[in-house]
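Trainee: Hey, I've just been handed this one and I'd like to get to know it. Can you walk me through it?

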Amino acid sequence: MSTSERFDCHYCKDSLLGKKYIMKEDTQYCTKCYENLFANCCEGCSLPIGCNCKDLSYKDRHWHEQCFKCAKCSRSLVEKAFAAKDDLLLCTECYAHDYSSKCSTCKKTVMPGSRKMEYKGNSWHETCFLCHRCQQPIGTKSFIPKDTGYFCVPCFEKQFAYQCCACKKAITTGGVTYQDKPWHRECFLCIGCRKQLSGQRFTSRENYPYCLECFSNLYAKKCVGCTKPITSESLAELSDKQGEDLWHSECFTCMQCSVSLVGRGFLTQRDNILCTDCGREK
């Protein structure tokens, strides 16, 4: 037989005519050479996984079909769900028994792959995590913890939340108190201009809250000099008073020469106030 007619194992050169062989990267090998050169070693029995066996793999590890078993109960994992723990493969029952969390309500195992709820280190089956008041599953909805129970938002508002005295709706977060009554921050407004007063300085009249600007415009006394309101912030700047007339300190000046009269003597002439120098000239 000529060289061109030969069909030999690439490694041992034995003829492959009439024999079983395996191709790898366009090169033929007899089964013995292929197993010695390329076969994976079984994680279970440490023997090569031969050409006549199924090679089951998981994360670059390989097993004979009969060796692919749960590391604890030895049941076959072929075509079954399994979990890995510290390089060990476990059936879902063994994994759940040894490693899965327990439901805080029913105390049963939360099986791998099932939906569960977790909060502050505790776990629940999705159907066991219930509102303490209405006993309906909370699921992925918002909830509020209270004492040892958990409440869906509507139930918490009905049972515990303060009611805003303006809009009559529940106050779930924040809020302000005025005259021992609760308000949403966005509902606590100036009675005049309706601006929010939360975090702002304000005053009141007849139990109604006002921003300083509205209160000044409506109720504050006016400066004789500039006719602008004298607010609580400018009371310390009052210079003097003549009867019921009030001035800002910067407005309390001689009507003729405009010198400041703050801390100085002055004279009155009809409705005018004058420094002593200008008063003598008159």
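Trainee: What sits between β15 and β16?

Mentor: Those two strands form a hairpin with 2 residues between them. Glu 206, in the turn, has a positive phi of about 55 degrees. Strands here are DSSP runs of E with at least two residues, helices are runs of H or I with at least four, and both are numbered from the N terminus. Keep in mind that this is a predicted model, where local features need pLDDT of at least 70 and side-chain atom pairs count only at pLDDT 80 or more, while totals for chains, interfaces and linings use all residues. Residues are numbered from 1 along each chain as its sequence is written, and side-chain values use heavy atoms, leaving out hydrogens and water.

Trainee: Got it. In what sense do β15 and β16 pair?

Mentor: Antiparallel, over 4 bridges, with β15 covering residues 202-205. Pairing means that DSSP finds at least two bridges between the strands. Arg 205 stands opposite Tyr 208 in β16.

Trainee: Why do you keep pointing out positive phi?

Mentor: Most residues other than glycine have a negative phi. Asp 26 is another one to look at, with a positive phi of about 65 degrees although it is not a glycine. You'll find Asp 26 in the loop between β1 (21-24) and β2 (27-30). Gln 135 also has a positive phi, near 60 degrees, and lies in the loop between β8 (122-125) and β9.

Trainee: How exposed are Asp 26 and Gln 135?

Mentor: Asp 26 is exposed, at a relative accessible area of 74%, whereas Gln 135 is partly exposed at 45%. The cut-offs are under 20% relative accessible area for buried, over 50% for exposed and in between for partly exposed, using a 1.4 Å probe and protein chains only.

Trainee: Changing topic: what lines the largest pocket?

Mentor: There are 13 lining residues, and Cys 165, Trp 183, Asn 207, Tyr 208 and Pro 209 lie nearest the centre. β14 (181-183) and β16 (208-211) each supply at least two of the lining residues. The pocket's volume is about 230 Å³.

Trainee: And what counts as a pocket?

Mentor: On a 1 Å grid over the protein atoms alone, a pocket is an open set of points with protein on both sides within 12 Å along at least five of seven lines, and lining residues have an atom within 4 Å of a point. The volume is the space filled by probe spheres set on the points, which are joined across faces, edges and corners.

Trainee: How many disulfides does the count give?

Mentor: The count is 0, taking a disulfide as a pair of cysteine sulfur atoms within 2.5 Å.

Trainee: OK, is Ile 273 buried or exposed?

Mentor: Buried, at 4% relative accessibility. Ile 273 lies in strand β20 (residues 272-275). Leaving out residues up to four places away in sequence, Ile 273 touches several others, including Trp 247, Phe 252, Met 255 and Leu 261; contact means heavy atoms within 4.5 Å. Met 255 is 18 residues away in sequence, with a C-alpha to C-alpha separation of 5.9 Å.

Trainee: Last one: what does helix α2 pack against?

Mentor: Its buried residues pack against β5 (82-85) and β6 (88-91). In α2 (residues 92-99), Thr 92, Cys 94 and Ala 96 are buried.

Technical notes
1 Å grid on protein atoms, 1.4 Å probe; cavity = no way out; pocket = protein on both sides within 12 Å on 5 of 7 lines; lining within 4 Å.
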